[in-house]
Amino acid sequence: MVMELRYNPLIGEWVMVSSVRETRPWQPSNQCPFDEGNEETGTGWRFLILPNRFPMLTPNAPEAHKVDGFRARRSLGYCFVIVETPKHDLSDLHEIPLEDLTLVLRGVRDKMRELEEVSFIRYIYFFRNKGKEIGVSLTHPHSQMYALPYVPLRVRLELRNMRRYMKRTGKCLLCSVLEEEVKLSERVLYANSDYYVIKPYYSMWPYEVHVIPRRHVQKMTQLSDGELTTLADALRVTTAILDNVLVRDMPYIMALHQGPVKNDESYHMHVEFYPMLRDANKLKYAAGVEWGLWTFTYDSSPEDKARELKETCRKVSQSLKPMGSCA
Ligand code: ZN
Ligand code: FE
């Protein structure tokens, strides 16, 4: 059995290797393990944070195998599944009532506060995969949390650029981006008292959308209860827009980009959504150019897509009754 982190010195990033994961079930058609009343879930809950049964990282990981010329280390960390509702059939976050989703986010934040105290944890990643197109094996609404023993490459890259910008200008990079987006307003989809929902100028995915706090804040553990209510509101609006813009449900990846556990004041947290479709029946593939180079090709214009998304925001907000307003 192999379970370890292997270092790719060419890009400077770790690979999580685990042969245990091969036995993972794929979209089981029988009983859903996240439904109420199972041995794992029990009854009388509104959301659950469960240890992943097939974790990539665990606090009792075996020693890494030593191989000459290469670097490996123990897969130390935690993997959790957040079951967001006992209701199996809800299609996305916007169908979870605001108060319930707020409780979920509080649960996540409080779990993060606990994990931040663990000596070997350097980074906490909260994310959500939706849709069979991206290989989600269970349809019951859930998200995930990984506590990692290192700061991942993409975050290191963002952090480096934010640090440099702050050094050069004395300002935060994302605060400046946000200021410009708000000034132009063309790509601002929605705003409530604490967050903006933006179609970024530098979008990589056709329907990519970011949720950005107005306050210069690094991590989810710094958010107040009130800021979690408004975050829940912004996430409900965003998922409602994505679920309706193509009049079919949208497979996507939601990624919380927050600063490392060891706080760095130059970082500004945000939530990125990478929707997988370019139109109602075409997937946008990360293919040769995207995967081979990490350069994305954008087949439309972010401004055109922003117009579509804004229109959808106005449509969905009639029934959603959000706290803020569509731009
Ligand atoms: Zn900032
Ligand atoms: Fe980011």
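Modeller: Buried means under 20% relative accessible area, exposed means over 50%, and partly exposed lies in between (1.4 Å probe, protein chains only). This is a predicted model: local features need pLDDT of at least 70, side-chain atom pairs count only at pLDDT 80 or more, and totals for chains, interfaces and linings use all residues. Side-chain values use heavy atoms, with hydrogens and water left out.

Colleague: Why does His216 count as partly exposed?

Modeller: Its relative accessibility is 27%. That value falls between 20% and 50%, so His216 is partly exposed. Cys172, at 6%, is under the 20% limit and therefore buried.

Colleague: Which atoms coordinate the zinc ion (ligand 1)?

Modeller: Cys172 (SG), Cys175 (SG), His216 (ND1) and His268 (ND1), at 2.0 to 2.3 Å. Donors are N, O and S atoms within 2.8 Å of the metal (3.2 Å for Na, K and Ca).

Colleague: What makes the arrangement around the zinc ion (ligand 1) tetrahedral?

Modeller: The four donor atoms subtend angles of 101 to 119°. The ideal angle for four tetrahedral donors is 109.5 degrees.

Colleague: Which protein donors does the iron ion (ligand 2) have?

Modeller: Glu158 (OE), Glu158 (OE), His257 (ND1), His270 (NE2) and Glu272 (OE), lying 1.9 to 2.7 Å from the iron ion (ligand 2). Glu158 lies in helix 2 (residues 153-169) and His270 in strand 12 (residues 270-275), so the pair ties together parts 112 residues apart in sequence. Helices (H or I, at least four residues) and strands (E, at least two) are DSSP runs, numbered from the N terminus.

Colleague: How do you know whether Glu158 is buried or exposed?

Modeller: Its relative accessible area is 16%, under 20%, so Glu158 is buried. His270, at 4%, is buried too.

Notes
Residues numbered from 1 in each chain as written. Chains lettered and ligands numbered in written order. Tetrahedral: all angles 85-135°; square planar, octahedral: opposite > 155°, others 65-115°.
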